[in-house]
Amino acid sequence: MTSLRTVGRAGFARGVIELRQSFTTAQDLWAYLFPAVAFVVTIFFMRDHELAGTGVSLGARTLPSVLGMGLAFAGVQTIAAQLAVEREDGTLLRAKATPDGMSGYLVGKIVLVGGMSLISILLQLVPSLFLVDGVRLDAVGWLTLIWLVPLGLAATLPLGAVVGSLVDNPRNVGFITLPLFGLVAISGIFYPITAIPGWLQAVAQGFPVYWLGLGMRSAFLPDSLTVVELGHSWRLGETAGVLGLWAVAGLALAPAVLRRMARRESGSAVARRRERALQRVT
Amino acid sequence: MNASTGVLDVRDLRMRYGSVDVLRGVTFAARRGEVVVLLGPNGAGKTTTIEILEGFRVRSAGEVSVLGADPAQAGEAWRARLGVVLQSWRDHGKWRVRELLQHLGSYYAAYATPLVRRPWPVDDLVAAVGLTGQAQRRVAQLSGGQRRRLDVAIGIVGRPELLFLDEPTVGFDPAARREFHDLVHRLSDVDETTILLTTHDLDEAEKLADRILILAGGRIIADGSADQLSRRVAAESEIRWSRDGSRYVHAAADATTFVRELFEQHGAAITDLEVRRSSLEDTYMTLVRESEAGRASAAAAAFEGAL
């Protein structure tokens, strides 16, 4: 099908253009740099705390965990916020008025969020490597990253798309950040999950954040560090299983929700949101 | 699609939101290359009509055929033959003008035919809407009128056979408006694009339309060229003249007879004669007022009937 190739190419081009734009927009640059700076500062203060008898610093353990968290945030929050904003400003309606525009739009968003995630990871990873010892990436680690990062995005992007479709007002996207932070607190990102009560551990293991952190740790840290993990193992099989389940559920649900949202887009719907937004400003 | 099929065929279109009837049986058609203007007061159902035809809204009842297909079920190949000029706001603000047109145009390449080459070459298009000087500018930095011209460019980037324009010239200065009118004429004359546009600017309707549809109270209350509409309403013409240094004004239903009698009576003493037939604006006002009065009296009749 020629049109399928066109859509793939147009969508990819769209993602690349928007990614390039993100480097020349102050707001986007801030979104890249702020977490990176905050993160490096955190790692800096954690570098001397040794993790209970392992000889590895807390900072070294936190580094890959936060990269996993960043992936979950990029997948859920970035795409939700983009969808909500671009629905309000009419970008989505434009896509709808273009043949195959909606498919191209989604391909573009996946390329954009994937690219932004990689850049964020590099911005956080590279400076931190100079601050902490014990973090390394061997061949097995690379292999893990190659399946973990795409699977992580596949588990979280559809979820973000569903949230973005259901939220009608871009201002309300902030509300999904709160539960995300809650999840981060119980998912063993900044401190081993073994330190929290069992029932909270169970809750955390139902969501992708924990598994993304765990998977990242397995890629970057020596196996000796499994002593502070549940089951004293990296549990890669379970990681793939849980993330895979989220991906399947999300991919099954997202197209229907997106279609329902897209069906409701029209000039007057955009005009109504514009009225509301203008009232907000004044 | 055979040649006898109209580009646009709407029969007894109805739209109801909850218990409110917005469209109550709209019927009209458009031929290839025709410029049809949908004119009407706010809330008359213009946008609802156009959104149903664009496939953005599902109708309650009636038959609609747009380029030979039902917009509620038509696919992407159908959409590629359609141009939609949306009322814009601030979408794609970070994009550069040329870059955006190039990108949106790329979706149409798969739908090019030997007869219709798609998309419109981007530099020609930028020049056609007069944005060559702004081609590398970010969309967010354009003025209101420039932004609107970009919207028009986006609407025609796929060389549409049918173009929908919803209030296209809002925010245009007179020069931009003139250029826009030239572009519309070019599209309909040279490229045989069928154009349906909504406006509440009568002057614009008169300049652009091959045919004007007046929509009021969810119905088409008049359908014809500006001239036909003016004739249809038997409004009185206004006659002004001077005689012996005095200025006279008189309104008459039959201006020709009145003027003949005037000359028979006063002959060469009549100077500065002017006869003005009611303008489109007078016609429009009369039609809308009649329609509203008609609805009021119908409502009153229904009310009396209920007693």
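Select domain 1 and domain 2 of chain B: 15 residues of domain 1 are in contact with nine residues of domain 2, contact being heavy atoms within 4.5 Å. The model is predicted, so local features need pLDDT of at least 70 and side-chain atom pairs count only at pLDDT 80 or more, while totals for chains, interfaces and linings use all residues. Residues are numbered from 1 along each chain as its sequence is written, chains are lettered from A and ligands numbered from 1 in the order in which they are written, and side-chain values use heavy atoms, with hydrogens and water left out.

To make the domain selection, take residues 8-229 for domain 1 and 235-306 for domain 2 of chain B; such bounds come from an automatic or database domain assignment. The C-alpha centres of these two domains of chain B lie 35 Å apart.

Stay at the boundary between the two domains of chain B. About 1,000 Å² is buried there, with 74% given by carbon and sulfur atoms; buried area is the accessible area (1.4 Å probe) that two parts lose on being put together, summed over both. Zero salt bridges are counted between domain 1 and domain 2 of chain B (a side-chain nitrogen of Lys or Arg within 4 Å of a carboxyl oxygen of Asp or Glu). Next, colour H7 (202-208), S8 (211-216), S9 (219-224) and H8 (226-232) of chain B, each of which supplies at least two residues of the domain 1 side that touches domain 2. Helices (H or I, at least four residues) and strands (E, at least two) are DSSP runs, numbered from the N terminus.

Now show chain A beside chain B. This contact takes 29 residues from chain B and 33 residues from chain A. The area buried between chain B and chain A is about 2,900 Å², of which 54% comes from carbon and sulfur atoms. The rule finds four salt bridges across the interface of chain B and chain A. For a salt bridge to zoom in on, pick B:Glu99 and A:Arg20, whose side chains meet at 2.6 Å, N to O. On the side of chain B that touches chain A, helices H1 (46-53), H2 (76-79), H3 (97-106) and H5 (144-156) of chain B each give two or more residues. H3(B) provides the largest share of that side, four residues.

Chain B averages 86, and 92% of the residues score at least 70. Confidence in chain B is highest in H3(B), at 96, and lowest in helix H10 (residues 280-306) of chain B, at a mean of 67. Where pLDDT is low, the predicted coordinates should not be read in detail.

Notes
pLDDT is the predictor's confidence in each residue, from 0 to 100.
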